[in-house]
Amino acid sequence: MNERIALVRKSLGLTQEKFAEQVGLSRNFMWMIESGTRVPSDRTISDICREFNVNETWLRTGEGEMFNQITRSEKITSFLTEITEDEGDDFKRRFVEMLADLEPEDWKLLERMAEKLQKKEGNP
């Protein structure tokens, strides 16, 4: 399992320090897990799977896909949850608030603009 944890971290492009920080561990403890000198607890395994959308069966056994597949609805829900939890005034939040105020004709205009952009970029 230690090699699979290292593979997850590397596939996400994270240092041991950043990866460990996101699951509430020290960089040194993460190094020990990846080197095989420590075995992660069930809680650590659960935290890794939750935080990085890792398939727990794959992490424990190597069977299946590394990451859980998420639906479009789950992806959108996750994005909106992230935005609504942060009360800051960042661009994502302001942009979503602006979209929420659009009228139906505004949505049609945006759709036409997106189609034109897609054609311009050579995407059918």
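Begin by selecting Ile5, Phe19, Ile48, Val54 and Leu59, which touch the most other members among the 15 residues of the largest nonpolar core, a core being a set of buried Ala, Val, Leu, Ile, Met, Phe, Trp, Tyr and Cys residues joined through side-chain atoms within 4.5 Å. Helices H1, H2 (16-22), H3, H4 and H5 each supply at least two residues of this core, and H4 gives the most, with four; helices here are DSSP runs (H or I, at least four residues) numbered from the N terminus.

This is a predicted model, in which local features need pLDDT of at least 70 and side-chain atom pairs count only at pLDDT 80 or more, while totals for chains, interfaces and linings use all residues. Residues are numbered from 1 along each chain as its sequence is written, and side-chain values use heavy atoms, with hydrogens and water left out.

Next, select Val54, which, leaving aside neighbours within four places in sequence, is in contact (heavy atoms within 4.5 Å) with Val8, Ile48, Cys49, Leu59, Met66, Phe67 and Asn68. Then pick Asn53, in the loop between H4 (42-52) and H5 (56-61); Asn53 is partly exposed, with a relative accessible area of 27%, where buried means under 20%, exposed over 50% and partly exposed in between, with a 1.4 Å probe and protein chains only. The phi of Asn53 is positive, near 60 degrees.

Now show H1 (residues 2-11) with H3 (residues 27-35), and look where Asn2, Ile5, Ala6 and Arg9 in H1 meet Met30, Ile33, Glu34 and Ser35 in H3.

Finish at Gly122, which follows H8 and has a positive phi, near 85 degrees.
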